[in-house]
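Thanks, everyone. Let me put the structure up, and then I will walk through it.

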Amino acid sequence: MRKILLLLALLVPALISCDRNNDFYSAYKSITGEELASYVDKLASDDLQGRAPFSEGEKLTVNYLAEKLDEIGFEPAFDSAYFQEVKMVEIKTSTDDYITVDTPGGTMKFNSPASIAVRSPRAIESASIEKSEMVFAGFGISAPEYDWDDYKGLDVEGKTVVVLVNDPGLYTGKPGFFKGKEMTYYGRWTYKYDEAARRGAAGILIIHETTGAGYPYGIPVNSAVSANLYMDDGRGNSDKCLFTGWIESEAAEKIFNASGHKVEELRNSACLPGFTGFEMESYISFSFKNRIRYNTSINVAGVLKGTEMPDEVIIYSGHWDHFGIGEVQNGDSIFNGAVDNGTTMAMLLEIGEAFSSLNRKPRRSLMLFFPTAEEQGLLGSHYYVNHPAFSIENTVANINNDLDLPIGRMKDVMVTGYGQSDLDDLLAEAAERQGRYLLPDPNPHTGMYFRSDHFPFASVGVPAMFARGNCDSREHGREWAAGQERDYIANRYHKAADNYEPETWNFDGLVEDAQLMFEVGYRLATSDKWPAWKDGSEFKHLR
């Protein structure tokens, strides 16, 4: 009898473990390319009109997502509702055809936005900038931890600040200087705009350079001629600069040459500790008008409640918004955003469905979160972290994705922001079981860790991961994969051409990525472990 009891004592845990493994494996295998394709087919269809906030397309999109969350068994996340209202203001800035700059070498006229692309974040009807004094402030960075202050000794109150793109680490390449070629948050245009406003500047212009920006000058041009969204703070955004924008590199060269300077030499000097900015002896003038519209957009989220620790949550995120209907491009005017971000939304719904299919539901809660206005500066996710459905202290981790290319199975799992948190370790173990390896983002200078919806979570201390197969095709290798990404960025990214193409898309890699993210979330949701920030992360002190 004792031998039988002993045998049972040994067998029961093993059987339970086997049952759990089978349960997990069945859910893991339930993620299929066919279902991903079905979701993308709808989310990237003309029916949703390009998914722009404040549009009929928004209503159709958020209702579709709520309907699907209900179908897969995820409950409303916001007080019995799938929707969280986000109050915003839409501002479309129209400038004079030309912007005038008075320099020591004479008056220059620059086409707007072809040479100088500006917009106003202020909710005001119009303004005239009359000979605003221009001040060069290096990279526009004040970073005490690096003993760095480009504004030291400068008076920019009421003036126009001109700054370089990115941060000094990129141009020196020194690993211990800032973060070497990996962009810090100080290199992002959002930081530079905010810092100039904190210093009292009337305006700020960033000198464009493609490597440092991570995109061509056409992207700021598109932003300047489009309506832009901002959070409605109830004060007309009076704490922001009167205008913000970018200078095309040749235009910047002309302005600085007029006072005896060269941009490249200034960039080299601005990378040296102790560099001091200066008044440019130049003055900028132009007028603008704003078309202002107040409205409310929607964050969408559903929750699968945990069985033992329901107040602790793992959040999967992927933005739903794109650019709606715009100017005709090659016969198409609907910006469907099939890759950006239809593929991610499809993956989240499949991951959610996999969790719902488990016989033994997770101990912790799972949330599928579809924020609005990512394309306008991560507005929906920033709003959420300040008005969360679960407290930030009880938010275990954020797993975010964006721009998942449907180009087949990949050997790599490219991690944007590699080395930030313990989530990398969980991801590495899961990737190894797929015969894959982790690859740090090969282009860290583009600052992608600050450009998608995981960043607002990181900024309040929640370990956040952004990873996807991207660089090393199992079938065709690295050069081919790099070519596919370049082709997408050049020809479809933020264009009407970002369409679902069922005859050419290969979902096999997206299936593996979704299974990978499911496994990482499963391990967190079925344990009581808390991932931590790694030493050296700028977010470690926040948790």
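**Backbone, strands, rings and cores**

Start with alanine 373: at 0% relative accessibility, alanine 373 counts as buried. Buried means under 20% relative accessible area, exposed means over 50%, and partly exposed is in between, with a 1.4 Å probe and protein chains only. This is a predicted model, so local features need pLDDT of at least 70 and side-chain atom pairs count only at pLDDT 80 or more, while totals for chains, interfaces and linings use all residues. Residues are numbered from 1 along each chain as its sequence is written, and side-chain values use heavy atoms, with hydrogens and water left out.

Back to alanine 373. Its phi is near 55°, a positive value in a residue other than glycine. Alanine 373 sits in the loop between β17 (364-370) and α11 (379-386). Helices (H or I, at least four residues) and strands (E, at least two) are DSSP runs, numbered from the N terminus.

Now glutamate 281. Phi there is near 60°, again positive in a residue other than glycine. Glutamate 281 is in strand β13, residues 278-304. Buried or exposed, then, for glutamate 281? Exposed, because its relative accessibility is 55%.

Next, two peptide bonds. Serine 112 to proline 113 is cis, with omega near 15°. Proline 113 lies in the loop between β4 (106-111) and β5. Aspartate 340 to asparagine 341 is also cis, with omega near 20°. Asparagine 341 belongs to helix α10, residues 338-356. Why flag these? Most residues other than glycine have a negative phi, and most peptide bonds are trans.

On to strand β12. Five of its five residues are buried, so β12 is largely enclosed by the rest of the structure. Phe243, Gly245 and Ile247 point one way from β12. Thr244 and Trp246 point the other way. In a regular strand the side chains alternate between the two faces of the sheet.

What pairs with β12? Strand β10 (residues 203-207) runs parallel to β12, joined by five bridges. Strand β5 pairs with β12 in the antiparallel sense over four bridges. Pairing here requires that DSSP finds at least two bridges between the strands. Look at tryptophan 246 in β12. It is the bridge partner of isoleucine 206. Tryptophan 246 is also the bridge partner of alanine 117.

Strand β5 has its own two sides. Ile116 and Val118 point one way, Ala117 and Arg119 the other, and all are buried.

Now helix α7, residues 218-225. Which of its residues are buried? Pro220, Val221 and Ala224. Down the axis of α7 they fall within an arc of 105°, so they line one face of the helix. The arc is that of the directions from the helix axis to the C-beta atoms. Those buried residues pack against β2 (83-95), β5 (116-119) and β12 (243-247). Contact means heavy atoms within 4.5 Å.

Rings next. Rings of Phe, Tyr and Trp (its six-membered ring) pair if their centres lie within 6.5 Å; planes under 30 degrees apart count as stacked, over 60 as edge-to-face, and the rest as tilted. By this rule there are 36 aromatic pairs. Take phenylalanine 136 and phenylalanine 256: edge-to-face, 5.5 Å centre to centre, 80° between the planes. Phenylalanine 136 is in strand β6 (residues 126-136) and phenylalanine 256 in helix α8 (residues 249-257), 120 residues apart. Both are buried.

A further pair is tyrosine 215 with tryptophan 246. Their ring centres are 6.1 Å apart with planes at 65°, so this pair is edge-to-face. Tyrosine 215 lies in the loop between α6 (210-213) and α7, 31 residues from tryptophan 246. Tyrosine 215 and tryptophan 246 are both buried.

Last, the cores. A nonpolar core is a set of buried Ala, Val, Leu, Ile, Met, Phe, Trp, Tyr and Cys residues joined through side-chain atoms within 4.5 Å. The largest has 72 residues. Leu65, Tyr316 and Leu427 are among those with the most contacts inside it. Apart from that core lies another, of 39 residues, including Val118, Ala252, Phe256 and Cys271.
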